[in-house]
Structure formats: C-alpha cells, structure tokens
Amino acid sequence: MNATNLSVLFSNLVGLFLLIGVGFLAVRLRVLPAESSKPMSTLLMKITLPATVFSSMIRPFDPEFLGAGVAALLISALLFPLYAALSLPLSRLFRVPDGRRGMWCCCTTFCNNGFMGFPVVYAIFGDDGLILAVLMGIPFNLLVYTLGAKMVCMDIPKGNAHVSLSLRSALISPINAAIVLSLIFYLGQIPVPDPILTPIQHLSNVTTPLSMFVTGMNLAQGRLSDTIRDKDAISACVVRLLLFPIIAWAITLPFPSLDPLVVGVALITMAMPAPAVSTIMGEQYGGCTQVGARIVFLSSLLCILTIPLVSLLL
C-alpha cells in the first residue's frame, strides 16, 4: 500500500473510532441510557445493514470482479477452519482452563465481521470492498453456528441440560436474506426502480455511523478493571487481533496475482474483534458467558489500536 492510500486508510479509521468515542461518551455522560443500544442494534442488524448489503450489489456485471469475489470466498473458507484447528492447541499453550476453553476457541476463531466488519470495510474500501466482505461472510455464517456452537459446548459439564440454538433461525436472518437477494439481482442484472433504490440507499448511509456509535455504547457498559485482570481474555485478544490477521496476511503472500483489494478486505476483516454472537451462543448452550463477554469487550476496545497496526501490512 502506497503512502497516499495508507493516509486515506488511517484517516477513515480515525473517523470511525471517533464515532465510537461519541457513543461511549453518550452513555457515560448519561445523554442516552445504556439500554437504548439494544433497539439501535436491532435497527442496524435487521434494517440498515441488509440495506447496505443489497444496495452495494446494484451494479453492472463485471466478470473480472466476480473472480475477485470467488477469491475472497475461498480465502474465508480456508481461514476460518484453519483458525479453528489452531485455536485448541493455542488454548493449551496459553493454559486456558477447562470450562473456559471452548468459548476462548470460539472467540479467537471467529470475528465480528457483520456488525463491525462490514461497516469498517465499507468505510475504508467502498462498495467493492463491502461486496467482497459480504462474500467472505458466507463461510462465516455457515461455520459459526455449527463449528462455533460445538466449541461453546466444550465448556458444558457432561450431563448438564442446555437449550439448543436453532441453526435454521440463525441462518435465516435479514442479512443473509439480503445477501441471497442481492446476488440474484446482481447475477441476473435485474434493474431496481429509483423510487425503491433511493430509500434503500438512504438507509444504507446510516449503517456505518450507527454501528460505530452502538459499539461505543456497548463498550461503555463493560467494566474494564475486571477484564484487564483476566489473563484468558488478554491472551484471546492477542490471538484474535494480532496473530490470526498476520496468518491471513502470510497466506496471501505466495499469491502476488491476488487483487490488492481482496487482500486488504481479507486482512481488515480478519483483524476484527471477537463476535458478540459467541456470548449469545454461550447463553443458549450454557457455556462460559463470562469469559466470552470479557473477550468481546476487550477485543472491541483494543482493535482501535490493532487495526491500524495490522493495516501497515497492506
């Protein structure tokens, strides 16, 4: 990445993290109640983010870009299983105790690619980057609710009953519906009338600032003092925010013909913090939600520093 592009990248990251700061201060200064983050998150995940995904795919068909999309899909399908295979021996290396190890592995293997990853990639790389991030999200969605759920279940004592998480309800979501619908419109080159497309684009424009604002609100609700003393949360952040993005970068090095946009999107996506869905699965299955919540909180906070560092590899 040349100096000009690096400057633009850092400028965009600074702007995003300032939005996180606004959300953080809004809660800490009691401008907004912390509980208001929940309906905002619902608005984001069920309305504005699907609108962003759909509107980004309304474009002329480009066979060359389709090739970049397939490359992004394959990279994602390779990296998440690789991270999963590495997470268990790494958990033993960091001496993560039984009862926490499954959640630790889930939080390090998977990343917050939707709630935070899509908006960040969109802000940095634009529509083209978002499409690639969306395609990288397909293997994620297939694996996090299957392989990720099995990881969380590692923490459950044998014989304990737990509530099962519906794979069907997890996969049939507004975001996944938007992915399928947008691919149909893109591959079929189906025109969308302006009276319909315009309000979708207006909703799309809300996604990035809203997601960063809500991230700041969520950070304001955690207790940093408890989290920074949790060595398992710290070790998970080292793996999720630094080691695994570096592995993603190393895997793309032998392929100099790869589109730089694909490499950039892959690297930034894999540098995202731990996914909030890990704690949701922990609640559903009876896994260790305490360490999950701490990893999500601390990694979301530290990524403000690590994402700019990882971007230096581009």
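Modeller: Helix 11 and helix 14 cross in a right-handed way, where right-handed means that the near helix is turned clockwise from the far one by less than a right angle, and left-handed that it is turned anticlockwise. Helices here are DSSP runs of H or I with at least four residues, strands are runs of E with at least two, and both are numbered from the N terminus. The model is a predicted one, in which local features need pLDDT of at least 70 and side-chain atom pairs count only at pLDDT 80 or more, while totals for chains, interfaces and linings use all residues. Residues are numbered from 1 along each chain as its sequence is written, and side-chain values use heavy atoms, with hydrogens and water left out.

Colleague: Which residues of helix 11 and helix 14 make the contact?

Modeller: On helix 11 the contact is made by D232, A233, I234, A236, C237, L241, L242 and P245, and on helix 14 by V291, R294, I295, L298, S299, L302, C303, T306 and V310, contact being heavy atoms within 4.5 Å.

Colleague: And how many of those are nonpolar, polar or charged?

Modeller: The residues of that contact divide into 13 nonpolar, 2 polar and 2 charged; Ala, Val, Leu, Ile, Met, Phe, Trp, Tyr, Cys and Pro count as nonpolar, Asp, Glu, Lys and Arg as charged, and the others, Gly among them, as polar.

Colleague: At what angle do helix 11 and helix 14 pack?

Modeller: Helix 11 (residues 231–252) and helix 14 (residues 289–311) pack at about 35°, and their axes are 9 Å apart. The axes are lines fitted to C-alpha atoms over the stretch in contact, with angles running from 0 to 180 degrees between N-to-C directions.

Colleague: Stepping back, how many helices and strands does the chain have?

Modeller: The secondary structure comes to 14 helices and 0 strands. The radius of gyration is 19 Å, close to the 20 Å that the globule rule gives for 314 residues, so the chain is as compact as a globular protein of that length; the radius is taken over C-alpha atoms, and the rule is 2.2 Å times the number of residues to the power 0.38. Buried residues make up 50% of the 314 residues, where buried means under 20% relative accessible area, exposed over 50% and partly exposed in between, with a 1.4 Å probe and protein chains only.

Colleague: OK, helix 13 then: which of its residues are buried?

Modeller: In helix 13 (residues 277–285) the buried residues are V277, S278, T279, M281, G282 and Y285, and their cover includes helix 4 (101–109), helix 5 (113–144), helix 6 (147–153) and helix 14. Helix 13 is followed by G286, which has a positive phi, near 85°.

Colleague: Is A133 buried or exposed?

Modeller: A133, which lies in helix 5, is buried, with a relative accessible area of 2%. Leaving aside neighbours within four places in sequence, A133 is in contact with F118, V121, V265 and T269.

Colleague: What about R30, what is its phi?

Modeller: R30 has a positive phi of about 60° although it is not a glycine. R30 sits in the loop between helix 1 (3–28) and helix 2 (37–56) and, at 77% relative accessibility, counts as exposed.

Colleague: And where is Q189?

Modeller: Q189 is in the loop between helix 8 (174–188) and helix 9 (194–220); Q189 has a positive phi of about 50° and, at 37% relative accessibility, counts as partly exposed.
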